[in-house]
Amino acid sequence: MKPGNRLLAEFFHRDARDVAQELIGKLLVRSDGRQGRLEEVEAYLGLDDPASHAFRGPTPRAAIMFGPPGRLYVYFSYGSHWCSNVVCGPEGNASAVLLRAAQPVGGIAAMEQARSHGQRELRERDLCRGPGRLAEAFGITGALNGMDLTAKGSELWLSDDGAGAGGVVEATPRVGLSASRAPELPLRFVVQASAWASPGPRPVVPTPRVPTAPGRSAGQSAHWPCRRAACQDS
């Protein structure tokens, strides 16, 4: 299938909540033909969330989060798998969106090879269900940390083919946060009853996707608290 129009830096130069909500239904694309339609993401919005890798400032690991929007932030989680995020907001803001799950729509054989290492057969619904699986299916590792996803010629990017989310988008609390890490914030966005998404908390409110012009913020929305966060190990 055609990958659509690449998302440019202006799309990501906004509040990560707006970016996260609008990323549902967009495509994650690799130049070798692998494509997945995003079904689940989480927003992390700034410096004052104890769940954030940016909580202690621009450490060597979190430095990418303080850079320009549209960069890929990759980290190793729990010593077992990579997780991929896209940096949002103005430079220095340290916000990002974690890519949690996608529906495979192209290059499925390559995803199966990347996930199974040629040793076992996987269900298609499990190829990109969860942030670690998604990263592995697309070959995302720490070697890609800091990649500009908006640059022409990059091997990995996000795009809009106009298909949309294909269902109601719900807001729920983020996955796997302890009581000390702001677990109550409804900053996980997921297609309702999606078979491609990872298991997660129950929805807080149904969240319609509000069109926002690229490069402009939709402003603070009534369905989420005005608190900031960043990226987490889940």
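**Exercise 1. A charged pair and its surroundings**

With which residue does D126 form a salt bridge, and how far apart are the closest N and O atoms?

*Solution.* The model is a predicted one.

Step 1. The partner of D126 is R123, and the closest N and O atoms of this salt bridge are 2.9 Å apart. Side chains of opposite charge can pair when their charged atoms come close.

Step 2. D126 has a relative accessible area of 11%. The cut-off for a buried residue is under 20%, and D126 is therefore classed as buried.

Step 3. The side chain of D126 also takes part in a polar contact of 2.6 Å with the side chain of R129.

Step 4. R129 belongs to the loop between α3 (108-116) and α4 (131-137). With a relative accessible area of 16%, R129 is buried.

Step 5. When neighbours within four places in sequence are set aside, the contacts of R129 include R100, R123, W196 and P199.

**Exercise 2. Salt bridges across the structure**

Determine how many salt bridges a search of the whole structure finds, then examine the pair R100 and E40.

*Solution.* 

Step 1. The search returns 13 salt bridges.

Step 2. In the pair R100 and E40, the closest N and O atoms are separated by 2.9 Å. R100 is located in strand β6 (residues 95-106) and E40 in strand β3, so this pair ties together parts that are 60 residues apart in sequence.

Step 3. Relative accessibility is 4% for R100, which counts as buried. For E40 the value is 0%, and E40 likewise counts as buried.

Step 4. Through shared partners, salt bridges join E40, E42, R100 and R188 into one network.

Step 5. Another salt bridge links the side chains of R17 and D15, at 2.5 Å from N to O. R17 is buried, at a relative accessible area of 7%, whereas D15 is partly exposed, at 25%.

**Exercise 3. Strand pairing around β2 and β7**

Which strands are joined to β2 by bridges, and in which sense do they run?

*Solution.* 

Step 1. Strand β3 (residues 35-44) is joined to β2 by three bridges, and the two run antiparallel. V29 stands opposite Q35 of β3.

Step 2. β2 and β3 form a hairpin with four residues between them, and G33 in the turn has a positive phi of about 105°.

Step 3. Strand β7 (residues 156-160) is joined to β2 by four bridges, again in an antiparallel arrangement. Within β7, S159 is the bridge partner of L27, and L156 is the bridge partner of R30.

Step 4. In strand β2 (residues 27-30), L27 and V29 point one way while L28 and R30 point the other way, and all are buried.

Step 5. β7 also pairs with strand β1 (residues 5-6), in the antiparallel sense and over two bridges. Here N5 stands opposite D160.

Step 6. Four of the five residues of β7 are buried, so β7 is largely enclosed by the rest of the structure.

**Exercise 4. Aromatic rings**

How many aromatic pairs does the structure hold?

*Solution.* 

Step 1. There are three aromatic pairs. One of them consists of F11 and F12, whose ring centres are 5.1 Å apart and whose planes stand at 75°, so the pair is edge-to-face. Both F11 and F12 are buried.

Step 2. Another is formed by Y73 and Y75, with ring centres 5.6 Å apart and planes at 40°, so this pair is tilted. Y73 and Y75 are both buried.

Step 3. Two arginines lie over ring faces: R14 over F11, at 4.7 Å from the ring centre, and R6 over W157, at 4.5 Å from the ring centre.

Key: Residues are numbered from 1 along each chain as its sequence is written. This is a predicted model: local features need pLDDT of at least 70, side-chain atom pairs count only at pLDDT 80 or more; totals for chains, interfaces and linings use all residues. Side-chain values use heavy atoms; hydrogens and water are left out. Buried means under 20% relative accessible area, exposed over 50%, partly exposed in between (1.4 Å probe, protein chains only). Two strands pair if DSSP finds at least two bridges between them. A polar contact is a pair of N or O atoms within 3.5 Å; within protein, one must be able to donate a hydrogen and the other to accept it, and residues adjacent in sequence count only if both atoms are side-chain atoms. Contact means heavy atoms within 4.5 Å. A salt bridge is a side-chain nitrogen of Lys or Arg within 4 Å of a carboxyl oxygen of Asp or Glu. Rings of Phe, Tyr and Trp (its six-membered ring) pair if their centres lie within 6.5 Å; planes under 30 degrees apart count as stacked, over 60 as edge-to-face and the rest as tilted. A charge sits over a ring if NZ of Lys or CZ of Arg is within 6 Å of the ring centre and within 35 degrees of the ring normal.
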